[in-house]
Amino acid sequence: MTVTAGPGTVPAGCRAAVAVVLGTRPGIVKLAPVLHALAAARVPHFAIHSGQHYSANMDQVFFTDLDLPAPAYRVGDRRPGMLQGEQTAEMLTGIERVLARERPALVLVGGDANTNLAGALAARKLGLVVGHVEAGLRSRDWRMPEEHNRVMIDHISDILFAPSRHAKDTAEAEGVRGHVLVTGSTVAAALRSSLDRGGNAANRVTDPHQADGHLPGHSPGYVLVTLHRAENVDDPAVLAELSAGVCALPGKLGLPLTWPLHPRTRARLTEFGLLGDVAGAAGVTLVEPAGHRAFTRLLADAALVVTDSGGIQQEACILRVPCVTARTSTEWTETVEAGANLVAGVTAAELIDGCLAMIAAPRDWDDPFESDGVPAAQRIAGVAAEVLEAAG
Ligand code: UD1
């Protein structure tokens, strides 16, 4: 008779080590505190980089800013114009080769990028134990590649580390097979570390308004913008609306605006002939993507952030910066309920109205991701140590 192993059973022949799969900007941020906690608890581990993000300012600077050693492995082969499936397949193949050789007792992925699906799927196919950091998030927007990834990763994971009670309930209501644990969010620790290390003048110069010192009467006094979601920037009509809304904000709010441009967004603005208008708009300063220390400082000091990023909605809530989400849905409903975030929509008028409403929001909400004592990364490292013990 065949005995079916339950979720989380470590198969024979595994070695007592944790593989941590990362490779995108947000994944490095989420998993940095976990890597530090594993090191502090002397849990044997190694990192596999998927190669999804590769530019120095989307990748290397995050290792430097978050004090991480170079990953043990780098896989994946990025070529311009790759389709999502092709990109995921390249990473799946590369990660699987490493995992098949190393056979770690536990594989951790963090977030919802293609990297995480590739890592979780490679581990699942090899019968390894899979842990998903930041499990149970749903936007209910089925156009988003990240939503497909979240659903798939949660359903093939053995251990789901939920950042909130709400996320745990969501995963359990879907009937996931793995064990769901509420750990709080790992991101707060990464924010604290970057603010501690980045709170000096050298890191503030990435904010051109502060560098120039032209902020009479406003401290803090600028709007920060980030946009990169495929369903926003790959659609010419949506991107035209959003960029028109963004360009109108300095006039409507009486505040300058800083926009670190994601490579995807720069490419689409150029392709759709919109870059010139945006670059020339009064009060709008386009800058390169910032590293984690500089970006965290920029976010913490902003009067308001406009974003379509998942991570930044959560980070703004933790840092008590009002957030306007340029989307029609969010996976971070806790931030909306807390009064920290408004999901405005994607037309210029909706964006402007949302900003006018949120700029005046009182910044006194309770942080819904506060952990009750033990930091999230430490809890995750503790569970990892237990899995390794079970592996013998
Ligand atoms: C990905 C993730 C998203 C995450 C985001 C953070 C998926 C489906 N999406 O979106 O969840 O919030 O990362 O940034 O995985 N590029 C560069 N340099 C880089 C990385 C990318 O020039 O270092 C270019 C790529 O060649 C591509 C474009 O930017 O043309 C988009 O990159 P991609 O990795 O496909 O997705 P993101 O939009 O970054």
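Buried means under 20% relative accessible area, exposed over 50%, and partly exposed in between, using a 1.4 Å probe and protein chains only. Keep that handy for the exercises below. This is a predicted model, where local features need pLDDT of at least 70, side-chain atom pairs count only at pLDDT 80 or more, and totals for chains, interfaces and linings use all residues. Residues are numbered from 1 along each chain as its sequence is written, and side-chain values use heavy atoms, with hydrogens and water left out.

**Exercise 1. Find E134 and R140, and work out what their phi values are and whether each is buried or exposed.**

Step 1: Helices here are DSSP runs of H or I with at least four residues, strands are runs of E with at least two, and both are numbered from the N terminus.

Step 2: read the backbone. Most residues other than glycine have a negative phi. E134 has a positive phi, near 75 degrees, and R140 has a positive one near 65 degrees.

Step 3: apply the cut-offs. R140 has 59% relative accessibility, so it counts as exposed. E134 has a relative accessible area of 11%, so it is buried.

**Exercise 2. How many aromatic pairs are there, and which parts of the chain do they link?**

Step 1: set the rule. Rings of Phe, Tyr and Trp (its six-membered ring) pair if their centres lie within 6.5 Å; planes under 30 degrees apart are stacked, over 60 edge-to-face, and the rest tilted. That gives two aromatic pairs.

Step 2: take F46 and Y73. Their centres are 5.9 Å apart with 70 degrees between the planes, an edge-to-face pair. F46 sits in strand β2 (residues 45-49) and Y73 in strand β3 (residues 73-74), so the pair ties together parts that are 27 residues apart in sequence. F46 is buried, at 8% relative accessibility.

Step 3: take W332 and F369. Here the centres are 5.2 Å apart and the planes stand at 90 degrees, so this pair is edge-to-face. W332 is in the loop between β12 (323-325) and α16 (333-338), while F369 is in the loop between α17 (348-358) and α18 (376-391), 37 residues apart. W332 and F369 are both buried.

**Exercise 3. Where is V98, and which residues does V98 contact beyond its neighbours within four places in sequence?**

Step 1: V98 is found in helix α3 (residues 84-102), and it is buried at 4% relative accessibility.

Step 2: contact means heavy atoms within 4.5 Å. Leaving out neighbours within four places in sequence, V98 is in contact with F46, I48, Y73 and V75.

**Exercise 4. At what angle do α1 and α18 pack, and which residues meet?**

Step 1: get the geometry. Axes are lines fitted to C-alpha atoms, for helices over the stretch in contact, and angles run from 0 to 180 degrees between N-to-C directions. Helix α1 (residues 25-40) packs against α18 at about 55 degrees, with the axes 8 Å apart.

Step 2: name the arrangement. Angles under 35 degrees are roughly parallel, over 145 roughly antiparallel, 65 to 115 roughly perpendicular, and the rest oblique. So α1 is oblique to α18.

Step 3: list the contact. From α1 come P33, V34, A37 and L38, and they meet A377, Q378, I380, A381 and A384 in α18. By class, the contact has eight nonpolar, one polar and no charged residues. For those classes, Ala, Val, Leu, Ile, Met, Phe, Trp, Tyr, Cys and Pro count as nonpolar, Asp, Glu, Lys and Arg as charged, and the others, Gly among them, as polar.

**Exercise 5. Now try α7 and α15: at what angle do they cross, and which residues make the contact?**

Step 1: the axes of helix α7 (residues 187-198) and helix α15 (residues 310-319) come within 10 Å and cross at roughly 65 degrees. That makes α7 roughly perpendicular to α15.

Step 2: V187, A188, L191 and L195 of α7 make the contact with Q314, E315, I318 and L319 of α15. Sorted by class, that contact has six nonpolar, one polar and one charged residues.
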